[in-house]
Number of protein chains: 2
Amino acid sequence: MRILCSGSATLDTIFRLEEIPSGPGKVLPSDVVQSAHGMAASAAAAVAKLGGEALLHSRVGDDEVGARIVADLTAAGIDCRHVLRVKGARSPLSTVLVDRNGERLVVPFFDPALGRDPTPPPLAEIETCGAVLVDVRRPDDAAEVLRQARRCGIPAVLDADTGPAEAHAALFPLSTHAIFSEPAALAFSGTDDPVTALERLAARHDGFVSITLGPEGCIWFDREARAIRRIRPPRVTAVDTLAAGDVFHGAFTLMLAEGRSIEDCIRFANVAAAIKCTVFGGRKGTPSRPAVEALLAASHFPVETA
Amino acid sequence: MRILCSGSATLDTIFRLEEIPSGPGKVLPSDVVQSAHGMAASAAAAVAKLGGEALLHSRVGDDEVGARIVADLTAAGIDCRHVLRVKGARSPLSTVLVDRNGERLVVPFFDPALGRDPTPPPLAEIETCGAVLVDVRRPDDAAEVLRQARRCGIPAVLDADTGPAEAHAALFPLSTHAIFSEPAALAFSGTDDPVTALERLAARHDGFVSITLGPEGCIWFDREARAIRRIRPPRVTAVDTLAAGDVFHGAFTLMLAEGRSIEDCIRFANVAAAIKCTVFGGRKGTPSRPAVEALLAASHFPVETA
């Protein structure tokens, strides 16, 4: 099953340390991993790891970092033919500090020059896909991808993580399935309660609307029953939550493309993301499909009413 | 004039931002530079930029990062034939956050496996050099380099920056010229006053002993007069002090090898380091020799008694 993921790809340097520092000085990390991440890229890597065929549409620079990003994502099994190498632009770079509780400080750099290339998204590829997934990094590209997915009659999934309000306003109505992060949902709907946020979001959209709440699982609006449902993930000891959201989105979109029920999509995505959190190194902790299925078979994840 | 620099080489990701963050979250940098640094490597790059011939002795991993470090330092004009690529080890990686006042948070990672390679330092090369410069990263290698320099009758310069007390205790007596950073001098001599620290250090050594004090310049012990001397640098607006110490050490060692007086070595090194501080991007701000000489010719930097 082919999935097109459209959005960001970056080279991340992920340090593991006792505590996130407060202010200037020097802190010695106990471990480090350098690898390609980014919302769409990590989700695409999850699709590939979980047995799907992942196509990535993204923009990097024509520098050495861009070459490393493409090489690393290709090695992760992603088709990178539509990762643009934008002339004269610098590739996205992030440093992430992860503390002993899995809390993070993220310093991401994006060169505005990446926007200069006028190459459109690979819309013809979408005809061959079972679903698309977009993030909010490049709203114009994402809008075209969502529209084309709707024309093709396949799921158009939006990873609605923190970003400019205009991006959410433009992309939310175009998606068939919107998955908000908790901070993005609260900011976009102007409340500090996730249940209220979900009600407000669902009132503005006629498709699937959900919010991921980390260890509290995923809540979504059940339109038939006009109720808010929740499925919790397995309990794990988190050592690194970096890319957990992206793994959720990739896993969810793949299951949707395979025709699973919403409940099963959420169960599968919850379990994949939870296992990821037990491993240091961002998306490198993404589990294989048998590992997810083994945990799904061994446990029961009931639908609750929130 | 050939200079052997022995010590650390790392791949640094340097972010420029308004303020060093305090705790978890996300901060957006306004700029980023990724390039090879490290104490010995940045000093070697300064030697090359200032017209000397720089040989680097260091250890990196046999990974992609190691290849980038060697390529970047070779492009800076450094002879990297003696940069060991240690099998199965990961290359040193650092992230540096620089705030609007040039203050820094540094997160450096060094793989203990880099120590495994038994290759000795390139002692035969030292016979062809005018001076050596070592940092405290690999004390065993540094001790051999300093001893060989003494056997050859050339200056054996120690960059005594913060490090384990045993490293300072082992290397300080082997050097002919020791340049302490302020925090290292205070820690090693057990006082919080730089002048007292210098007196204590000079009592334990019969060569040249000095402490660099950033914008307050360099103080050293004048053995003939039994007095503490100081030369101040030009006043500049610092935007990034990363690698300023390394530029000082490289410039000082090159001038020493060229046979200049101690006062002229310090003036030249002060000016080179001060100009570096006006440019964002670590060692990329190292000035050319004509730029240093123009500022030296235009100003007077008298010897003060501290």
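The model is predicted. Chain A holds ten helices and 15 strands, and chains A and B are related by a turn of 180°. The helix contacts described below lie in chain A for two pairs, H1(A) with H8(A) and H9(A) with H10(A), and in chain B for H6(B) with H7(B).

**Overall build of chain A**

- If you follow the C-alpha trace of chain A along its principal axes, it spans about 50 × 45 × 40 Å.

**How the two chains pair**

- To find the rotation axis from chain A, look for Ser22(A): of the residues of that chain, its C-alpha comes closest, at 1.8 Å.
- The copies meet through the same surface, because 100% of the interface residues of chain A are also interface residues in chain B.

**Helices H1 and H8 of chain A**

- Helix H1(A) covers residues 39-49 and helix H8(A) covers residues 244-257; their axes come within 7 Å and cross at roughly 50°.
- That angle makes H1(A) oblique to H8(A), and the crossing is right-handed.
- On the H1(A) side, the residues in contact are Met39(A), Ser42(A), Ala43(A), Ala46(A) and Val47(A).
- Their partners in H8(A) are Asp246(A), Val247(A), Gly250(A) and Leu254(A).
- Sorted by class, this contact of H1(A) with H8(A) has six nonpolar, two polar and one charged residues.

**Helices H9 and H10 of chain A**

- Helix H9(A), residues 262-276, packs against helix H10(A), residues 289-298, at an angle of about 115°, and the axes are 9 Å apart.
- H9(A) is therefore roughly perpendicular to H10(A).
- The crossing of H9(A) and H10(A) is right-handed.
- H9(A) brings Arg267(A), Phe268(A), Val271(A), Ala272(A) and Ile275(A) to the contact, where they meet Arg289(A), Ala291(A), Val292(A), Glu293(A), Leu295(A) and Leu296(A) of H10(A).
- Among the residues of this contact of H9(A) with H10(A), eight are nonpolar, three are charged and none is polar.

**Helices H6 and H7 of chain B**

- In chain B, the axes of helix H6(B), residues 182-189, and helix H7(B), residues 194-203, come within 9 Å and cross at roughly 65°.
- H6(B) passes H7(B) in a left-handed crossing.
- Glu182(B), Ala185(B), Leu186(B), Phe188(B) and Ser189(B) are the H6(B) residues that meet Pro194(B), Ala197(B), Arg200(B) and Leu201(B) of H7(B).
- The contact of H6(B) with H7(B) divides into six nonpolar, one polar and two charged residues.

Terms used:
Residues numbered from 1 in each chain as written. Chains lettered and ligands numbered in written order. Predicted model: local features only at pLDDT ≥ 70, side-chain atom pairs only at ≥ 80, totals over all residues. Heavy atoms only, no water. Least-squares fit on C-alpha atoms with pLDDT ≥ 70 in both. Contact = heavy atoms within 4.5 Å. Axes fitted to C-alpha atoms, helices over the stretch in contact; angles between N-to-C directions. Helix = DSSP H or I, 4+ residues; strand = E, 2+ residues; numbered from the N terminus. Parallel < 35°, antiparallel > 145°, perpendicular 65-115°, else oblique. Left-handed = near helix turned anticlockwise from the far one by under 90°. Nonpolar A, V, L, I, M, F, W, Y, C, P; charged D, E, K, R; others polar.
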